[in-house]
There are 2 protein chains.
Amino acid sequence: MSQKKAVLFIADGLGGRPSDYNGKTCLEAADTPNLDRLADRGINGMLNPLGPGVRPGSDTAHLSLFGYDPEEVYSGRGIFEASGIGMKVQKNDVCFRTNFSTVDKEMEVKDRRAGRIQEGQEKLKEALQDGLELNRYKDLEIIFETSTQHRGALILRGSKLSDKITGTDPHKTDVKVKKCKAVNGSKNVKRTAKIVNKITDRAHELLKDLDVNKDREERGKPPANALLLRGASTPPDIEPFQEKYGLEGVGIAAGALYLGVAKQIGLETRKPEGATGDLDSKIINKAKAAVKELEDGKDFAFIHVKGTDNAAHDHDAEAKKRVIEKIDRAVGYLIDKLDWKNTHLIFSGDHTTPIVYGDHTAEPIPILYRGREVRKDWVDRIGERSSVKGDLGFVNGQEVLPILFNYNNWLEKYGS
Amino acid sequence: MSQKKAVLFIADGLGGRPSDYNGKTCLEAADTPNLDRLADRGINGMLNPLGPGVRPGSDTAHLSLFGYDPEEVYSGRGIFEASGIGMKVQKNDVCFRTNFSTVDKEMEVKDRRAGRIQEGQEKLKEALQDGLELNRYKDLEIIFETSTQHRGALILRGSKLSDKITGTDPHKTDVKVKKCKAVNGSKNVKRTAKIVNKITDRAHELLKDLDVNKDREERGKPPANALLLRGASTPPDIEPFQEKYGLEGVGIAAGALYLGVAKQIGLETRKPEGATGDLDSKIINKAKAAVKELEDGKDFAFIHVKGTDNAAHDHDAEAKKRVIEKIDRAVGYLIDKLDWKNTHLIFSGDHTTPIVYGDHTAEPIPILYRGREVRKDWVDRIGERSSVKGDLGFVNGQEVLPILFNYNNWLEKYGS
């Protein structure tokens, strides 16, 4: 346990475009006195999570932010979702992110999220947990778990399985559920693709006539009568964070994917009370948890807020601005409570999510470092077009934590 | 076919040095109201085509600008020249860029370009096309074609050939034509080097007594009595542009090398009327062609102007400044005619060509992106020392098109 502390605060999808909010980005439009105070006292710059002109996923971006090369450790998001929900993933498990979704009789997707279903998931889960088995495949185990709303994960466990298969989510509506396909011709790959397609059929059979769905239909809501699978992946061979950096770290988040990434790199994880991974999340409780974990002995705390990205995916500029302002209040708490004599902190995002487009894009995101050893610059406002004037310049994802840990004199020397 | 459009406008050898024009570069000295307007409304920065401190060729720089790693796909310029002239290149053909040049009786080079010969090339070509054959080499075909002025290309077709050989152009005068040498000891390599040396001798025999050369000598002009060969290369294994990016593109140029690079990456090519690849080129016709191609359905247009580089190679600062001002008027046409709601555009160069040195150097070049989604910065003037203040920072060649295509939301996500 070091006296020194380090904090990585990531607002998902933080970056924006001038078309977001009357010529400004949401971050530029938001009222952020506390973030501006950090910018004013810190060193500022721009982050390219995966390098310039590379459009990041949240999973690959976070692996990169933790110092791992996604080209080496990333095969798909399923493993992080499953792990993030709390499923005990074993070596060689093939994991999927799942969606409860709505299909018609021809298996055409009508709603990829079954109306972001808020209730009845227990019944749906039971039906799948009890009924999903394919007896003709020897030693095959199918494990299903739900997360929030329509979200869940599924694990295939057994021999002769592979993650070299495509997903079944068409990522749009009014087209059929996609057939899972083998990416190459190997026997196990083709076998696994077949299993996934049988699971898709079987899940529809199990779900379509459930009372909870009949209820939904009666109330004019889209039934959760299908299961979409994507992000097939097996647990990566990752050097644990503690071995890589020699630090005790904790990940504080609510979104399953982020808890999962944190777990897979060996961080302890916390999901504070009231933290939902959505717009209504009690972000302040994440700041409180971080302060407590650092006081209790952790060297490093990762704080993740998802609402910024959700609002942008929903094309809602006002909501994104509000989440940023809520984040700002949580940052105010950190300013008050952290031991600034011994702490260095990063505030940034994992990628840009513009309002009009509503999905991730490749533009860089503001990043700032705050703490007593940083070379304070003249930037006094966080934002896409103010942070870029800072003295940090442009940094790539994998450089982010080494630059932070350097301020705490935690780095090993290369050479002598 | 997308509603959205992308334009890459490259002025060859655009960059300069303060020694070019009374302490300014030609770009800084030029009157460029339209480029300045783009700079003012766009995001600006500097481009290192092959990375800082790497001195680019025009071929390698363009491959990099199109997103290809020259280390992987580049073996020499011959293939691009041959292809650019319109020769039908086949797999395993060994292609050369050729120069008509002037030698004395000892084969000492007196003028590498035979006085930039403007007439009589047809007769020279006939003599070579009819007479260049080496019967002792079974199944060897020698194919020759001229381009503009002294320029041309030669193809060796047949078995047991290699491009692992040196060129015969000494790149200076008053020294002998170089012997072509094998780069390694393999049999086919040595065989090919021998063939090239025999072609050099034979070409001199065929050319030296032609009437067209006697005429030239009588008029005090250097005779085109020798053929210099360089840039030996075979067609590269390149992923076509359309597969790489999923876009329909067109290359608009006049210089053979640029048309050749565009063809080799699978772009359609256009050489508009009046476009010469030289100082007298009707650049405006390239801008018109680009607007038309985009209106007719292409997603992407590459516009190339060569005159800036030619003027700099000729140490002519006034001429380079004039070409830049002519480019500026073509840019004015683009400003008027492009559909700016749906278009993002790059203006930049492929390398620096300073006036005093008269050849390519490694300094970065101004680059700007213009379109509705860019984070507009405070730069309002294009130039080596104004663009560098922009918010784009420094970009490398291979990042250039991904950054452009990101603004059009054309990139695949890496991760999810």
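This is a predicted model: local features need pLDDT of at least 70, side-chain atom pairs count only at pLDDT 80 or more; totals for chains, interfaces and linings use all residues.
Visitor: What makes H6(A) oblique to H7(A)?

Guide: The axes of helix H6 (residues 121–131) and helix H7 (residues 187–208) of chain A come within 9 Å and cross at roughly 130 degrees. Angles under 35 degrees count as roughly parallel, over 145 as roughly antiparallel and 65 to 115 as roughly perpendicular, with the rest called oblique, and therefore H6(A) is oblique to H7(A). The crossing of H6(A) with H7(A) is right-handed.

Visitor: Which residues make the contact between H6(A) and H7(A)?

Guide: From H6(A) come A:Leu124, A:Ala127, A:Leu128 and A:Gly131, and from H7(A) come A:Arg202, A:Ala203, A:Leu206 and A:Leu207. These residues divide into six nonpolar, one polar and one charged, where Gly is counted among the polar residues and Arg among the charged.

Visitor: How do you know that H6(B) is oblique to H7(B)?

Guide: In chain B, the axes of helix H6 (residues 121–131) and helix H7 (residues 187–208) come within 9 Å and cross at roughly 130 degrees. Since oblique is the term for what is left once the roughly parallel, roughly antiparallel and roughly perpendicular ranges are set aside, H6(B) is oblique to H7(B). The crossing of H6(B) and H7(B) is right-handed, and the contact is made by B:Leu124, B:Ala127, B:Leu128 and B:Gly131 on one side and B:Arg202, B:Ala203, B:Leu206 and B:Leu207 on the other. Its residues comprise six nonpolar, one polar and one charged.

Visitor: Why is H11(A) called roughly parallel to H13(A)?

Guide: H11(A) and H13(A) pack at an angle of about 25 degrees, with their axes 8 Å apart. Angles under 35 degrees count as roughly parallel, and so the term applies to H11(A) and H13(A). H11(A) passes H13(A) in a right-handed crossing.

Visitor: Which residues of H11(A) meet H13(A)?

Guide: They are A:Ile283, A:Ile284, A:Ala287, A:Lys288 and A:Val291, and their partners in H13(A) include A:Val323, A:Ile327, A:Ala330, A:Tyr333 and A:Leu334.

Visitor: How many residues does H11(A) have, and how far does it reach?

Guide: Helix H11 (residues 283–295) of chain A has 13 residues and reaches 19 Å from its first C-alpha to its last, which is close to the 18 Å expected at 1.5 Å a residue. Just after H11(A), A:Gly297 takes a positive phi of about 130 degrees.

Visitor: What covers the buried residues of H11(A)?

Guide: The buried residues include A:Ile283, A:Ala287, A:Ala290, A:Val291 and A:Leu294, and the cover over the buried residues of H11(A) includes strands S1 (5–11), S8 (249–252), S9 (268–270) and S10 (300–305) together with helix H13 (317–337) of chain A.

Visitor: What makes helix H14 of chain B largely enclosed by the rest of the structure?

Guide: Eight of the eight residues of helix H14 (residues 400–407) of chain B are buried, so the helix is largely enclosed; among them are B:Val400, B:Leu401, B:Phe405 and B:Tyr407. Just after H14(B), B:Asn409 takes a positive phi of about 60 degrees.

Visitor: Why does A:Asn92 count as exposed?

Guide: Exposed means over 50% relative accessible area, and because A:Asn92 is at 52% it counts as exposed. A:Asn92 lies in the loop between helix H5 (78–85) and strand S3 (94–103) of chain A, and has a positive phi of about 75 degrees although it is not a glycine.

Visitor: Why is A:Asp174 called partly exposed?

Guide: Partly exposed is the range between under 20% for buried and over 50% for exposed, and A:Asp174, with a relative accessible area of 47%, is therefore partly exposed. A:Asp174 is found in the loop between strand S6 (151–157) and H7 of chain A, and its phi is positive, about 65 degrees, although it is not a glycine.

Technical notes
Residues are numbered from 1 along each chain as its sequence is written. Chains are lettered from A and ligands numbered from 1 in the order in which they are written. Side-chain values use heavy atoms; hydrogens and water are left out. Axes are lines fitted to C-alpha atoms, for helices over the stretch in contact, and angles run from 0 to 180 degrees between N-to-C directions. Helices (H or I, at least four residues) and strands (E, at least two) are DSSP runs, numbered from the N terminus. A crossing is left-handed if the near helix is turned anticlockwise from the far one by less than a right angle, and right-handed if clockwise. Contact means heavy atoms within 4.5 Å. The expected span of a helix is 1.5 Å times one less than its number of residues. Buried means under 20% relative accessible area, exposed over 50%, partly exposed in between (1.4 Å probe, protein chains only).
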